[in-house]
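Please read the points below with the model open beside you, and look up each place as it is named.

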Amino acid sequence: MRTDRLVAVLLLLQRREQVTAAEVARELEVSERTARRDLDALAMAGVPVYSTQGRGGGWRLVGGARTDLSGLTAGEARALFLVAGPAAAAAPAVRAALRKLVHALPEPFRAQAEAAASSLVTDPRQWGANRAEHRPPRFLDVLQDAVIRGVQVRLGYIDGNGTGTTRTVHPLGIVAKGPSWYLVTRTEAGRRTFRIDRVSSADPTDDPVNRPADFDLAGSWREIADEVERRRTPLEIQALCTPRGIGILRIGLGDRLDVGGTTTDGRIEVVIRGRDEYTLAGELAGLVEWVEVTGPPTVRAHLASIGNALVERYR
């Protein structure tokens, strides 16, 4: 919810000549400490806001400045509000914050921004998937705030085996992959990733995060995802596929398929990754019209066994 609050504080400053932390706290229904922290965050983000101390003091914009987002182009404003529509996949706090920003846009951009907000529907479910709605995990906001503020967190966690542990982590970033959310951290044991829906407690500290100077969240996640995929699909097999079958393999296997060169008979060399020999043979058994597995021999033996069983069952 912090993004929503910061936008609200900025709009409050624009409406009034001066505000106090107590007034912000009452307006946003937060503590005065949170209000002061949000005002400090605006100043650190480059908003021209300053405070005066003593009787009659408070916070105000430098020279009565108004932030109207006039640096946005029309295209940038439309792109921004594409994620704020009523059917968008963005979190409610993001949609609410972006809708408030409409009032800060230059007048010529407002109509197009409002139209953009209702021009796009996103449906994250795949065909055939259930309609269950995936709510954000319980501690997502707390952990995101810790990432933004750069403070360490005392984290309670329950692993896949049901074992609970507690440790202090340096939160570096948050990644959403499908319906799941992950916290990327630095710990005493090195880089670690935690599923946020398995977090049992999250208590931010006042200690700063030790963040590597060259850390890049997107690049780090690619490394993590690649390693997870390697562990999930350690087996590689070699096969030949007809050109017509390549599209079918891409649909069924996705990133587990690597396409190579063309052989003298017109077929295409492919490498397919899977969890184990028997499971992968079962996946490919129905593709015999297009695919010939060339190795390893044990997978070919599994395919022959599956073929014999099918003949015996349906002859």
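The numbered points go from the whole chain to single places.

1. This is a predicted model, in which local features need pLDDT of at least 70 and side-chain atom pairs count only at pLDDT 80 or more, while totals for chains, interfaces and linings use all residues. Residues are numbered from 1 along each chain as its sequence is written, and side-chain values use heavy atoms, with hydrogens and water left out.

2. The chain holds 11 helices and 11 strands, where helices (H or I, at least four residues) and strands (E, at least two) are DSSP runs numbered from the N terminus. Of its 315 residues, 34% count as buried, a word that stands for under 20% relative accessible area, with exposed meaning over 50% and partly exposed in between (1.4 Å probe, protein chains only).

3. Among the contacts in the chain with a separation of 6 or more, 58% are made by residues 24 or more positions apart, a contact being heavy atoms within 4.5 Å. The chain exposes about 19500 Å², of which carbon and sulfur atoms supply 51%; such areas come from the Shrake-Rupley method with a 1.4 Å probe, and for residues only the protein chains shown count as cover.

4. How many aromatic pairs does the rule give? The count comes to 2, where rings of Phe, Tyr and Trp (its six-membered ring) pair if their centres lie within 6.5 Å, and planes under 30 degrees apart count as stacked, over 60 as edge-to-face and the rest as tilted. Tyr157 and Phe194 form an edge-to-face pair, with 5.0 Å from centre to centre and 75° between the planes. Because Tyr157 lies in strand 3 (residues 151-158) and Phe194 in strand 6 (residues 190-195), this pair ties together parts that are 37 residues apart in sequence. Tyr157 is buried, at a relative accessible area of 8%, and Phe194 also counts as buried, at 4%.

5. The rings of Tyr182 and Trp221 have centres 5.4 Å apart and planes at 40°, so this pair is tilted. Since Tyr182 belongs to strand 5 (residues 180-187) and Trp221 to helix 8 (residues 217-232), the pair ties together parts that are 39 residues apart in sequence. Both Tyr182 and Trp221 are buried.

6. Two places in the backbone deserve a careful look. The peptide bond from Gly295 to Pro296 is cis, with omega near 5°, and Pro296 lies in the loop between strand 11 (291-295) and helix 11 (297-314). Glu29, although not a glycine, has a positive phi of about 60°; Glu29 lies in the loop between helix 2 (21-28) and helix 3 (32-44), and counts as exposed at 72% relative accessibility.
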